[in-house]
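I want to look up a few things here, starting with the pockets.

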Amino acid sequence: MSGLNMGIVGNGTIAGLINSGGDYQWLCLPRFDGEPVLNQLLGGGGQFSVWMDGLTSRSQSYDSNTSILRTRLEADDGAILEIIDFAPRFETRGRVFRPASIVRRFHIVAGTPRVRITLTPQTDWGARRLSSVRGVNHIRFTDGDLAFRVTTDAPVAYIMSGTSFLLEQDVSFVLGADESLTDTVDVITLDWEERTRKYWTKWSRNLAVPFEWQEATIRAAITLKLCVFEETGGIVAALTTSIPEHEGSQRNWDYRFCWIRDAYFTVSALNRLSAMGTLEHYMRWVRNIVAQSKGGHIQPVYGIGLEADLTEEHATHLPGFRNTGPVRRGNQAAEHIQHDVYGQVVLGVAQSFFDCRLISRPGIAEFRQLEPVGERAFAVHDTPDAGIWEFRTIAEVHTSSVIMCWAACDRLSKIAAHLGLPDRATYWAERAAIIHKTVLDNAWSADVGAFTAAFGGEALDASVLLMAEIGFLPASDARYIATVEAIDSKLREGNHVYRYKTEDDFGRPKTAFTACTFWHIDALFRIGRVEEAREMFESVLSSRNHVGLLSEDFDPVTGELWGNFPQTYCMVGIINSAALLSKPWTCVI
């Protein structure tokens, strides 16, 4: 887990990553996909870090059921310092207060710690330090359109010069808008901390968690919520860019954007916990995407502000995670043809047509807006695409893409029936049936004894496991059971599952893809291998980092986490598998 031993703080506007020593590793402003002003994660010099004289031990944890992160540093002379980090989020004046701000409080537990606090934000992707101007109790940082200030009651001279000093009383920092605070920094930070704590504990209390693995589920849910950019409803796939899938792989991608498939999985997981607010936010975002497409091509990924142009570039001033470049900003996947997106658009909002708890439920007008998405799915379902894994030079008729096109038509039929539109229900059911037959005729290989990754192929792909989850086939179907067993035999190593093991644009994968591991756990449960599924789930939970978070990939040999962090796919997996595997509340109380 070396290198990804970090917790995250956030509030739906920004998010930061902090390692177990209390150093900020990553913070983008003014939003998730903005300028990484604190960029040590990728080898940059943008720091907000702390050094403590005589440090002997350190530990880090979240305050229960919150996004407040607490780092404890202990020195050989008995001095103990706690750093409390959070991004303010609470309800005030009838709305949620979630500014582009972070708070750091340095609380003395024992003794008189001697510390050095380094604050050197960078701009232009590590090319240069932000210019700074000192105030009486703040430092102002500016660069063109980017401007923010750090207000503090610590000695500003020591912070600007990087001088070590004895910490004789608690000090606080607020990094935020380039404007004065309405009260003293100590009063503001203590008030914001308490109100933020109350917000998260109340939100967590309303989750419909399973009886078992409650803490893991709640942490996963909070993490997913921190990946939602609430201004628009877009959901990032992860908070980072360019953490490679394994060392030297060149598989370094920018995940700070909204993939429609990732967002669908996130929304469905939070719906399972009765956290309906995310669905309502996401509905706004995805309806805008549908309106823009006008029945035509929908990109697999957009910016969180609906940006279509995500031109991929290399940031050459940053050496990369563990000096393993390249560092990429933007993502070429926005240019891909990926047909599964049409199913995920419909799946992502389908529940909203049926759920009576929503304040504003969609109706016939919204259904009519979705129908062109179904028409597009039907038109392209049996044509080649880049697939769910976004191959850059490989185009085939990928099975997982086709079953998602089926899902688009199937759910439109169900929505139409619910809305009292029998003709449209029949229309979409007929199209779903055509796609269903196409898959059964072309994706099942008697020679392989499984549904294959692509029509007419022989390779296995863990994404076909999703056909039972979305209702394409019952888990009791002999062909599905055979597919699970084939994947178990060929793609599983220990308790971790690879996406595939064939060569792609960058060679043969060397790390397991944790989302696929969760899909396999769920599949094992569905075909009756329950105890094995539980054992596998416990094993994956043990691979989380020290505060319960997962990245995209896992090395079964070294036990290290790799890939962008924290990945929403993986946190979704914790929620879904826990819900399936847990004993019901009625059996234990």
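This is a predicted model: local features need pLDDT of at least 70, side-chain atom pairs count only at pLDDT 80 or more; totals for chains, interfaces and linings use all residues.

How many nonpolar, polar and charged residues are in the lining of the second largest pocket? I looked it up: eight are nonpolar, six are polar and six are charged.

**Second largest pocket**

I got a volume of about 470 Å³ for this one. Its lining has 20 residues, and Phe97, Glu179, Thr182, Ile188 and Trp192 lie nearest the centre. I then checked which elements give two or more residues to that lining, and found β9, β10 (95-97), β17 (146-152), β19 (171-176) and α2. Helix α2 has the largest share, with four residues.

**Largest pocket**

Here I noted about 560 Å³ of space. I found 22 lining residues, with Glu91, Val96, Tyr199, Trp203 and Lys225 closest to the centre. Two or more residues each come from β9 (90-92), α2 (185-205) and α5 (277-293). Again I ran into α2, which gives the most to this lining, five residues. Sorted by class, I have eight nonpolar, five polar and nine charged residues.

**Aromatic rings**

My search of the whole structure turned up 29 aromatic pairs. I picked out tryptophan 200 and tryptophan 203: their ring centres are 5.8 Å apart and their planes stand at 80 degrees, so I wrote the pair down as edge-to-face, the cut-off being over 60. Both sit in helix α2, three residues apart, which means about one helical turn separates them. Are they buried or exposed? Tryptophan 200 has 0% relative accessibility, so I count it as buried. Tryptophan 203 has 13%, and it is buried too.

I also found one aromatic cluster made of Tyr264, Phe265, Trp389, Phe513, Trp519 and Tyr569.

**Charges over rings**

I spotted the charged end of arginine 31 over the ring of phenylalanine 229, 5.6 Å from the ring's centre. Arginine 104 does this with phenylalanine 48, its charged end sitting 5.0 Å from the ring centre.

**Helix α12**

I checked the helix's length: its 13 residues (514-526), at 1.5 Å a residue, should span 18 Å, and the end C-alpha atoms are 19 Å apart, so the two agree.

Conventions:
Residues are numbered from 1 along each chain as its sequence is written. Side-chain values use heavy atoms; hydrogens and water are left out. The expected span of a helix is 1.5 Å times one less than its number of residues. On a 1 Å grid over the protein atoms alone, a cavity is a set of points where a 1.4 Å probe fits but cannot get out, and a pocket is an open set with protein on both sides within 12 Å along at least five of seven lines; lining residues have an atom within 4 Å of a point. Grid points are joined across faces, edges and corners, and a volume is the space filled by probe spheres set on the points. Ala, Val, Leu, Ile, Met, Phe, Trp, Tyr, Cys and Pro count as nonpolar, Asp, Glu, Lys and Arg as charged, and the others, Gly among them, as polar. Rings of Phe, Tyr and Trp (its six-membered ring) pair if their centres lie within 6.5 Å; planes under 30 degrees apart count as stacked, over 60 as edge-to-face and the rest as tilted. Buried means under 20% relative accessible area, exposed over 50%, partly exposed in between (1.4 Å probe, protein chains only). A charge sits over a ring if NZ of Lys or CZ of Arg is within 6 Å of the ring centre and within 35 degrees of the ring normal.
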